[in-house]
Amino acid sequence: MNRVGEFHVHKNVRKRFVVMINAGDLRTEEMLLNMGPQHPSTHGVFRVVIRTDGEMILETESHIGYLHRCFEKISENVNYMQVVPYTDRMDYLCAMINNLGYAEAVEKLMELEVPERAKYIRIIACELNRIASHLLAFGVYGLDLGAITPFLHAFRDREKILKIFEKLCGQRLNYTYIRVGGVSFDMTEEILQDIQDFLDYFEPDVLDEFNRLLSYNGIFISRTANVGIIPEEMAINYGLTGPSLRGSGVKRDLRKDEPYCIYDRFDFEVPVGDGEQGTVGDCWSRYIVRVKEMYESAQIIRQAMRDIPGGAFIDKKASNKVKPPKGEVYHKVEGARGELGYHVISDGTDVPYRVKARAPSFCNISILDAMASDANMMLADIVAVIGSFDIVMGEVDR
Amino acid sequence: MSTQAARIAKGKEDAEKIFPMVKEKFPDAVLEESMPAKNADPFLVIEPASLHEVCEYLKNESELNFNLLHTVSTADFLGGDDEEGRIEVTYFLDSTEHVHRLNLKVKLPREGGSVPSVCDLWQTANWHEREAFDLMGVHFEGHPNLVRILCAEDWEGHPLRKDYVIPESFHGIKNIVY
């Protein structure tokens, strides 16, 4: 028997514990660990079966489908306008962009041009919603890693945006605001003033505060930098999009590359991960892209508010009778989590023949199993990795 | 030109450039070119058996470099008196380098048809093909793990089929149909 160590419980406690280990008896054992479906860091109902050796992860197996609500099947049984509320409930954290993607897909089928004012209102609403969504991602990511304060700060500001939305359309989460043909309510002068006040408050002071609070915090950096690195090629191969792809250094943003709505009229930057802390493609890169994107979204809103024209906010005639001709389209937009695509097939009636939604989180989270088996990931890192994708399970399972 | 019109025009332009390239390389595999006059998207219909080699070419040819598979979508057509029923599997490809896109379509019989899996080319296909199998009952040959993904493991039938009958109960839980 070899005496390999002595441990003191506390310096005030006199009793001494002596650990006796026979080196020949040292062995490790693999263990199957079930994480979820009900687990706070899985951001919903997501189950991962983890095979571990001590604290190291050997393999993971993801299970999804706990929140499957048959969005695609329901869409085949209701008319075009009635699908809009269901799109809200996919990615409930940025419902505006879900509405926009669907509405634009149907408008493309109908060859419908929405009024100019509606386009500007859509941009303002979507970008405001993107800020709200990224604020939640920022706050909850801190919470995942044990920092509670940033969460409270983020929710303080997110609340301001939700108040604006409540004034705008009476809803705080599931807006059903952007519809085929335009938007459901006009953005009044009062609301535009509210948004202006919010932006003046929010940027750049609050963003600076966030960076001081969390982004450059030493503990936060050591939990996220160099953790869960995704190389560029692997990210594209797994269909990662949005901040998760840009964190790996790929400059791809549909708002710039394939502009939709009127995004080509605005001047903004596409932030990508640059390895400022750690490596390009690690959790910190994905996180910081979101923080920088909030600033860019604020710039877009300012420009849109400057240029917003008067006039109608909805094409009433077209929105009352949505009956696209026979055909099929695939329309994709840049959501807060990545590229959201809608494949809509019309058979000429007022009920969609088929609606398929390509949810960004569905693709983003599918990389998890490959990451766990490749990298030397520890058990605590899996929480950091899942959080860095900012998944919404409502969208994964649809 | 509005942004929407510009985007549609870009899609047509891509199709006019890429369709002849594929057709020249695989004259037998391309069954149909669909270039709609209006707003619908252009599609290239491929023979199911040669899908994998066409995809391999699309991904590896440096001039095309389709490195991003956006989604795999399926649709069920029951057919009528004059046409046969079919299942359409559509692949939406994208290139992060050249920023162009291509829509590939495969038409399968409703029963017993299968299509080669493209999992080894794009890992995105892994979960998307599982979803297509789960909800539409499309069989992907060579898929490493073709099991249900969204429905329960012991679910019966494929819900997105047009002739799917909603079960009365599942494990003793009664299904209420409104």
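H1 of chain B gives the largest share of the lining of the largest cavity, namely 5 residues. Helices (H or I, at least four residues) and strands (E, at least two) are DSSP runs, numbered from the N terminus. This is a predicted model, in which local features need pLDDT of at least 70 and side-chain atom pairs count only at pLDDT 80 or more, whereas totals for chains, interfaces and linings use all residues. Residues are numbered from 1 along each chain as its sequence is written, chains are lettered from A in the order in which they are written, and side-chain values use heavy atoms, with hydrogens and water left out.

**Cavities**
- The structure holds 5 cavities of 30 Å³ or more; a cavity is a set of points, on a 1 Å grid over the protein atoms alone, where a 1.4 Å probe fits but cannot get out.
- The largest cavity has about 120 Å³ of space, a volume being the space filled by probe spheres set on the grid points, which are joined across faces, edges and corners.
- Its lining comprises 13 residues, and the closest to its centre are B:Gly11, B:Lys12, B:Asp41, B:Pro42 and B:Asn103; lining residues have an atom within 4 Å of a point.
- Helix H1 (3–25) and strand E5 (101–108) of chain B are the elements that give two or more residues to this lining.

**Largest pocket**
- About 810 Å³ of space lies in the largest pocket, a pocket being an open set with protein on both sides within 12 Å along at least five of seven lines.
- Of its 31 lining residues, the closest to the centre are A:Cys70, B:Trp155, B:Tyr164, B:Ile166 and B:Asn175.
- The largest share of this lining, 4 residues, comes from H1 of chain A.

**B:His128**
- B:His128 belongs to helix H3 (residues 124–136) of chain B and is buried, with a relative accessible area of 2% (buried means under 20%, with a 1.4 Å probe and protein chains only).
- Its side chain makes a polar contact with the side chain of B:Thr71 at 3.4 Å (N or O atoms within 3.5 Å, one able to donate a hydrogen and the other to accept it; residues adjacent in sequence count only if both atoms are side-chain atoms).
- Not counting residues up to four places away in sequence, B:His128 touches residues including A:Lys356, A:Arg358 and B:His70 (heavy atoms within 4.5 Å).

**Sheet in chain A**
- Three strands form an open antiparallel sheet in the order E10-E11-E12 (strands pair if DSSP finds at least two bridges between them).
- Strand E11 (residues 339–346) pairs with E12 over 5 bridges, and A:His343 has A:Lys356 in E12 as its bridge partner.

Notes: Buried means under 20% relative accessible area, exposed over 50%, partly exposed in between (1.4 Å probe, protein chains only).
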